[in-house]
2 protein chains.
Amino acid sequence: MEPLSKNTIKLITSLTRKKERDELNLFFAEGPKLVDDLLNTFSCSLLVATSDYIDSHKSIRADIVKEVSKEDLKKASALCAPQSVVAVFRKPNYQLDCANIANQLTLMLDTIQDPGNLGTIIRVADWFGIENILCSKETVDVYNPKVVQATMGALSRVKIHYLDLEETLIKMKNVPIFGTFLEGNNIYEEALPPTGVIIMGNEGNGISSGVGKYVNRKLYIPNFPQSRDTSESLNVAIATAITCSEFRRRINK
Amino acid sequence: MEPLSKNTIKLITSLTRKKERDELNLFFAEGPKLVDDLLNTFSCSLLVATSDYIDSHKSIRADIVKEVSKEDLKKASALCAPQSVVAVFRKPNYQLDCANIANQLTLMLDTIQDPGNLGTIIRVADWFGIENILCSKETVDVYNPKVVQATMGALSRVKIHYLDLEETLIKMKNVPIFGTFLEGNNIYEEALPPTGVIIMGNEGNGISSGVGKYVNRKLYIPNFPQSRDTSESLNVAIATAITCSEFRRRINK
């Protein structure tokens, strides 16, 4: 077993920064469960692992595997408790099929900033069978290691696109566009279709006015009892989950 | 303006540790919005703030206020970006009224370990009008600063109790006890009552077997489409939110 080279450590740790991820078109993930999920979908260019992991993954191409000691794995890891494998993947290049979007339920994220929130939202989308998430360019990078880890593998089943939301919305004629607003209709009582776009807004500022003008169906998640003084808002990942649950409930019988 | 004394800094920073919080019966919170919310409910024993905060809070008792410079506030803060005020509160001493619990919807947490998850669950409980949360003694401490900050003030409206869950459950005769299990009934189709106990399990292990045997109504949040390969589970705060939303939907019309 050769020691892990300084250049390899440098490559992996450089991928904690967006600039390097964009330039190299790479990202990394850690831990056997997450890496196994991502190996199903993404092209792996380097897999740094201890003998435990390698012995239980005989089918992985030998030319990308680098067996290391636990001490060396630590040097390549961004986690407090490294877990047997760190893998570098090529970023996918998804093409957005707008005609297809109109026939599905799709999430649109208007500048989600917290990595944990984005990761949790991707997991929610996966649970509720949402194939595509359209993110504003200001939304936190999905290949940020904190987001990748928080998706718990859901990243391998949900396609994330970064684009100009207003340019995308203007092309969506006759598509129901949903957003949650204080003056929206009670989500529990609304007829919700199986297809459409659900917009979720920024943690502090909600849906921006430029994007909000395309919303043609305003919804509201009522608190309980409605007269009571309560938190001002729900966390955005929580609101996304309740909203998606309501859409799927209508057809999940 | 006197400089902040070393002893005061030492007191506040010692409250990042559970041992000291328990011994002194104190906890701390930061930021004007959160502190304002907590001042409504908890007894404040020390408020370290910049002149900005003090000038806009004339009614706060002068004997507990310590005006400091921004530099000194940083020394007392556990946050990367300190926000005008750090306040020390006495921990409340709630009495649990079991008869009352039977007439309400109550959450029970079986060893939630992540501070962010507990904070988010308290916020969800507040939104859905749940007054009491019963936590196993192994659940993360609610006065952990990460939990306090994540509650966004909901901590001032929801009572958190730590107790032996099995001892509590054995006393709850004729109370519907709900839990989510893979073999549970579709939550969207179940008749859900306005009162009862909802048990949420640990992030990795779910509901423990000792607690699980008291569950008399098993529920399941279906993924979509149900045949599809998806994430193995939802995050516990997300599952709590969807479950509480379903209970409140039945009576929120």
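Me: Where does B:Ile54 sit?
Reply: B:Ile54 lies in helix H4 of chain B, residues 51–55; helices (H or I, at least four residues) and strands (E, at least two) are DSSP runs numbered from the N terminus. This is a predicted model, in which local features need pLDDT of at least 70, side-chain atom pairs count only at pLDDT 80 or more, and totals for chains, interfaces and linings use all residues. Residues are numbered from 1 along each chain as its sequence is written, chains are lettered from A and ligands numbered from 1 in the order written, and side-chain values use heavy atoms, without hydrogens and water.

Me: Is B:Ile54 buried or exposed?
Reply: B:Ile54 counts as buried because its relative accessibility is 19%; buried means under 20% relative accessible area, exposed over 50%, partly exposed in between (1.4 Å probe, protein chains only).

Me: What does B:Ile54 touch?
Reply: Leaving out residues up to four places away in sequence, B:Ile54 touches B:Ala49, B:Val65, B:Lys66 and B:Glu67, with contact meaning heavy atoms within 4.5 Å.

Me: OK, the interface. How many residues does the contact take from chain A and from chain B?
Reply: The contact takes 38 residues from chain A and 38 residues from chain B.

Me: How many salt bridges does the rule find across the interface?
Reply: Two between chain A and chain B, a salt bridge being a side-chain nitrogen of Lys or Arg within 4 Å of a carboxyl oxygen of Asp or Glu. A:Arg249 forms a salt bridge with B:Glu246, with the closest N and O atoms 3.9 Å apart.

Me: Which elements give two or more residues to the chain A side?
Reply: Helix H7 (115–127) and helix H11 (236–249) of chain A do, on the side that touches chain B. H11(A) gives the most, with eight residues.
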